[in-house]
Amino acid sequence: MISPRATSLAGAIVRHRRWLAAFWIIAAMALLPFARRLAPLLQTSIHIDGSQSNAVSLLLRSRFASPFARAAVIVVTGAPSPTTQDGSVALRRIVDAAKSVPGVTHTLSYLDRRDSAFLGAHGESLVLVGLDANDGAVDKLMPRLRASTTAATAALVVRYPRLSVKWTGEDALNFDLRRTSAANVSLAERRALPLTLALLVLAFGTLAASVIPLAAAALAIGLSLGAAALIASHWPLSIVLQNVVSMLGLGLGVDYSLLLITRFREARHGGLSSEAAAVVATVNAGHSVLVSAATVIVGFASLLIVPLDDLRSIAVGGLLVVAVSSLVAVTLVPGVLASLGPRVEWGRVGRSGTRRESPHWRRWALFVARRPVRVLLLAGVPLVALAAQALRLEPRLPRAHWLPHSAESARAMQDLTAMERGGIVQTMRVVIAFPKGLLATDAAGWSATQRLADVIASDTRVLHVRALPSIVPGVLPSSPAFYLVPADVRATYLSRDEQLAMIEVIPLDTVQGEALTAIARDLRNLDVARIAGIPGVTISVGGVPGLNADYADAILRRMPRVVGLVVGGILVALLIGFRSVLVPLKAVALDLLAVAAALGVVVLVFQDGYGARLLGLDSPLDGTFVAIPLLVFCVVFGLSMDYEVFLISRIAEARRRGASEGMALVSGVARSGRVITSAAAIMVIVFGAFALGEFVIVKILGVALAAAVVLDATLIRLAVGPALLTIAGRWNWWPATASGQSDRSRSLDG
């Protein structure tokens with residue numbers, strides 16, 4: 001039952017609409033300028049607090065003086081091999097150009113060491129470039145580095161037309177991912193907006209009513225991005241936040257406003273004044289919007305307990321855009337509608353979408369109410385079969401090339417793979433910590449480092465192992481010849497205090513995806529004390545494979561807690577919102593079915609390859625990223641509640657007007673079916689637009705969300721859900737009604 005307090009609050013919102021509009025205008029003026037500054041503040045690198053990979057990264061920067069603690073890689077193809085005179089001259093010009101850029105600490109190539117590791121099979125070469133830059137400075141450094149080598153090779157291209165110089169490595173990849181993400185968001189919005197407007201015009205039948213949801217969504221996105229920029233100045237946020245805010249802001253912002261406008265137009269065509277209609281819309285639709293938003297917020301808030309920057313960034317972006325979208329819908333849109341009044345019908349196109357009930361959905365609801373078991377079987381069996389496919393999900397890092405093809409660094413990675421040198425970007429750094437009183441340069445420490453390096457080198461998955469004892473074989477630290485070793489080499493593999501030693505492990509090119517993570521795990525499980533022959537010696541494993549292992553562990557350890565928080569939190573929100581036990585339990589069960597079915601679609605598309613080429617993938621993936629199940633669960637679980645709330649709210653309203661159980665169900669489906677399908681179609685367009693982008697993880701998430709929305713708005717909420725409501729009868733509303741008798745046959749006659 002809607003409380004008098006809610007009606008009073010809705011009336012105040014409509015009466016004070018000018019003050020509320022002024023508030024939103026001031027908020028826009030304050031936050032929108034920050035939204036344009038967000039992209040440079042967002043990070044692409046991942047840091048996992050308390051992890052081994054993070055510890056190694058900190059040690060290399062603080063206790064080692066290596067010029068390559070942070071590095072990029074230049075990949076040179078189409079030029080003579082540097083083993084020749086011409087090739088050596090060409091490579092020297094490229095290297096000198098890179099060294100001339102402030103921020104470059106050192107370079108290492110075949111010109112410095114006659115090492116075949118710097119050469120490809122067909123004359124290609126690579127250059128390791130040390131960088132002295134923090135995360136923020138890389139955005140300024142990478143364009144200068146690329147400009148320097150482009151200028152240096154301008155004359156060389158005349159002589160060698162096939163010459164190509166590309167930059168890659170972790171920092172180059174991060175820089176390219178940041179730029180590609182911003183471009184993909186913009187492109188996805190341009191794809192989605194025209195189709196969304198067309199659907200709104202089809203749903204409302206007027207241009208004026210169709211523009212309001214898009215304006216509300218644009219405002220919510222801009223304000224959320226502006227607020228995120230303020231947060232990013234003090235707390236690390238990931239680049240994925242842009243995709244989440246734009247994708248959800250466009251979908252939810254339109255859906256929430258769609259609900260308000262539908263109720264407003266119904267009330268006006270029922271004879272109410274514009275202000276009274278706005279109050280009715282705010283009371284009824286506003287309640288649905290707030291309950292729906294609360295369920296989505298619970299899903300995103302639960303992600304905050306996972307200590308990963310990108311998942312927390314998704315949580316922050318989701319929390320911001322859901323909160324702002326719902327507040328805009330509930331506090332700004334009613335005032336706009338009250339002020340427009342009959343002008344909301346301006347620009348009529350086709351039929352008006354103001355009918356209180358859809359005759360098509362009414363006929364369908366009557367069919368469900370009379371044959372609930374048959375409908376439950378016909379709709380439920382395919383859903384369960386699809387959900388069963390989720391059991392085959394492989395939540396792991398894919399082996400195939402999943403980086404954006406338009407990024408120079410991704411193409412350079414492919415060149416490295418063709419050169420059989422792709423493992424250099426996957427180099428693992430093993431830091432050996434000796435017990436107190438023992439140095440890495442002592443005889444025992446030196447010998448222990450060599451033994452560990454030999455054991456690691458014996459692994460058939462490893463291409464090269466570099467440790468100081470193997471770089472200068474036969475030279476002991478006690479020998480005068482040791483001090484002839486270049487200072488940068490000593491600084492790379494020995495800490496300043498000589499209490500730590502570092503071993504570089506370069507895997508084979510053929511070892512990719514989860515197999516790389518397995519090497520990092522195996523290294524961490526070595527019996528180091530036994531191999532080294534020194535009690536108390538320990539190792540820490542970093543690099544990209546070590547980071548991937550830590551990332552997976554962080555998610556898997558906290559997944560049960562996140563699932564419990566989401567299910568429990570949404571259950572409580574629905575118990576409060578509907579004051580019923582069975583309805584929330586049914587809603588949660590159907591949400592779990594929607595999540596499983598969405599993951600089943602992910603398996604069929606991305607692992608089995610059905611339709612993968614239509615999404616821009618050359619081949620199926622053998623893994624779908626470890627974060628996907630958790631993200632799909634948290635986001636789908638919240639989003640799926642939208643349609644449940646819309647439907648149940650309509651049914652509850654009919655019951656409050658005195659309708660019987662069966663007729664309340666029929667009325668609820670007849671009045672909400674068109675809104676649910678229109679809102680779902682808009683969501684599918686938005687998610688589909690993002691699924692066509694270059695980011696594979698966003699592509700997978702977009703397909704999963706679009707599939708979940710389609711299934712949820714059709715088979716689940718308008719078939720399985722109503723069938724279960726019909727079977728449960730009055731028990732749906734227990735404890736408000738204690739009778740367990742079904743009045744289905746009587747209600748359909750009344």
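Predicted model: local features only at pLDDT ≥ 70, side-chain atom pairs only at ≥ 80, totals over all residues.
Author: Residues are numbered from 1 along each chain as its sequence is written, and side-chain values use heavy atoms, with hydrogens and water left out.

Reader: Why is Val686 called buried?

Author: Buried means under 20% relative accessible area (exposed is over 50%, partly exposed in between; 1.4 Å probe, protein chains only). Val686 comes in at 0%, so it counts as buried. It touches Ala192, Thr196, Met247, Leu250 and Gly251, leaving aside residues up to four places away in sequence; contact here means heavy atoms within 4.5 Å.

Reader: What makes E1 and E3 a pair?

Author: Strands (E, at least two residues) and helices (H or I, at least four) are DSSP runs, numbered from the N terminus. Two strands pair if DSSP finds at least two bridges between them. E1 and E3 have six, in the antiparallel sense, with Val75 opposite Leu126.

Reader: How do you know that the span of H21 agrees with what it should be?

Author: The expected span is 1.5 Å times one less than the number of residues. With 29 residues, H21 should span 42 Å, and its end C-alpha atoms are 41 Å apart, so that agrees.

Reader: And why is H21 called largely enclosed?

Author: Because 27 of its 29 residues are buried.
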